[in-house]
Amino acid sequence: MNSNKHISFFLKRIWGANKVATIVNFAQYILLGASSSLSLLFTANIINAISLYEGVNPNSIKINIVVNAFFLALIALFQLFFEKFSQALREKHIYAVRQNIEKEICVKLSRIPQDILDTKEFQDDFRIVNETNTNLYLFITYIAQGMSLIVQLAMPLILVTRLSWPLLFPSLCMVLFSVYRLSKIQLRYWSEYLSNTTLRRKMDYHVGLFMNEGFFSVIRAFSREDYFFKKAKSSIDESINNANEAIANQNKKYAKLQLVILIIPIAIALVAVRKFYESHISVGDVIMFLGLGKSIHSAVISSGVIVQKTQEVSISLKRVYDFIFDSVEVNEDDNCYQMVECVENIEIDNLTFYYPKSKIPALSNISLSINSGDLVAFVGENGSGKTTLIKILLGLYKNYEGSIRINGINLRNISQDNLMKIFAPCFQDYLKPQFLLKEAVGLSRIDEMDDVQIKEVLQMNNGTDMIEAYSLDTQLGTQFTNGVDLSIGQWQKVAVSRAMYAERNVILADEPMASLDIYSELQLLKAVKLNHNKNAPKISILISHRMAGIKMCSKIFVLDCGVLVEEGEHEHLISLGGKYSTMYNAQNDSVKKGNGK
């Protein structure tokens, strides 16, 4: 029972989303399963009535024909009604279920530490979880089709009792055996096909190269279309051969089993013909029983596919269920939150952090102090741990060793809401919200946006060109009508302006100058310093690869492979002749050579 908790979970969500839609959806398929048998029954009654028309009471025969014809028409009308009406209702139902499931997924996402969210393993798993959108529809469809097949098998078997009671038991045993064997064949085929996912991923990758306009342009620029086409064809052939081999094995087993399943309609047909010649049944009954045998045969054949498909979708849905309900351990004390309003100092002591499943620390024994009024820079090569440190300060990464104290209060004892009220972040992968321009800048105070202040902060960050070109009510991005797309540099200015407009006590800017030209970079550095001195004291923390403007900072921390190797002011670090001096001089020489050219 425990292994099927996810089935129960989704069925409850399906029922809870819209009870009427659930009933209508399943009723449609149940009627569909019964319709073929009922149609045969009413048709047989009409044929039998016609054959007896010259009998004693023609009027009763006419009434019999009309009644059976009416029921035949009623079945057709119901099928037409359900087909047209329930399709829209079913789509609305699926959307409601999906929306509720996605809410639960979002709630779970909000509780997962950022360090886990950022791992490739989690992101790969989450892609599978996102298949819910499609699989929810398939899950409901396959469950409904399964119910339809049960009815489609039950109705003929019940009607067969009119022909011969002794025929029921062997027919039922043969049906159960055939469904079991077909399901096993289908599941084995699917597992064989899935077992070679490497080949299919390889095929998808090479085919995807030709679908990627940018990559294909590079291939064409080097005149290597033939080379990549051969690689794509080779991987396609491998995948097709693998699939064909699995299909061939399946078809051999299918062919043998289908011969066995034919025993049911053949047995019913033989008994029906014998009864007809013995004058126990009429010609209409013979036609009905022949049709019932065919209906049982087709339902048994379809059942194997439905079992395999339901199993396939069930595996995917179980991932969603496990994702929602699996617990995530976090080293966090939720019992004694304390408030911080104005940051006076940040003390980091022996901070060590490992990403999940990594044996190498991203940060190792970091100890430093930042005080109110400091304009701080963290510098280092890619992968040195700068961004990781910022995310820990923001409370996004929880499972660290050592201690971080803000105003003497352990970071673990400060609520996430409180942290978001004292820190204003600007990440390297900054947000590009396709909102109005004023909303994109004023996001932190969106309920009380001040157009004058928004313009001021944009001008401070050299965004005068945007103010002159667009109004604050301009729609950004290309997803919506009349939207305008900004350049990378303009998006970055919006991101920095958003952090400054928040008017928080601590600004954390991760690579705020990465996409700017030299002039815009200098303007932004001036804006950072101006904002830092505005309404002082406050703390500003910069992460940057650009060394030219870093010398204005009062404290510079140099990270190398997750270790704090140097700290101090610019002149002091230059005099040490260490890591900072090497990086600064190398970048300075590069700029000079560039200017020389």
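D374 is buried, at 12% relative accessible area (buried is under 20%, exposed over 50%, partly exposed in between; 1.4 Å probe, protein chains only). The model is predicted: local features need pLDDT of at least 70, side-chain atom pairs count only at pLDDT 80 or more, and totals for chains, interfaces and linings use all residues. Numbering runs from 1 along each chain as its sequence is written, and side-chain values use heavy atoms, without hydrogens and water.

D374 forms a salt bridge with K555, with 3.3 Å between the closest N and O atoms (a Lys or Arg side-chain nitrogen within 4 Å of an Asp or Glu carboxyl oxygen). K555 lies in strand β9 and D374 in the loop between β2 and β3, so the pair ties together parts 181 residues apart in sequence. Strands are DSSP runs of E, at least two residues; helices are runs of H or I, at least four. K555 is partly exposed, at 23%.

D473 pairs with K438 in a salt bridge, the closest N and O atoms being 3.0 Å apart. D473 lies in the loop between α17 and α18 and K438 in helix α15, so this bridge ties together parts 35 residues apart in sequence. K438 is buried, with a relative accessible area of 17%. D473 is partly exposed, at 46%. Salt bridges with shared partners join E381, D560 and K579 into one network. The count comes to 9 salt bridges.

The protein has 21 helices and 10 strands. Buried residues make up 43% of its 597 residues.
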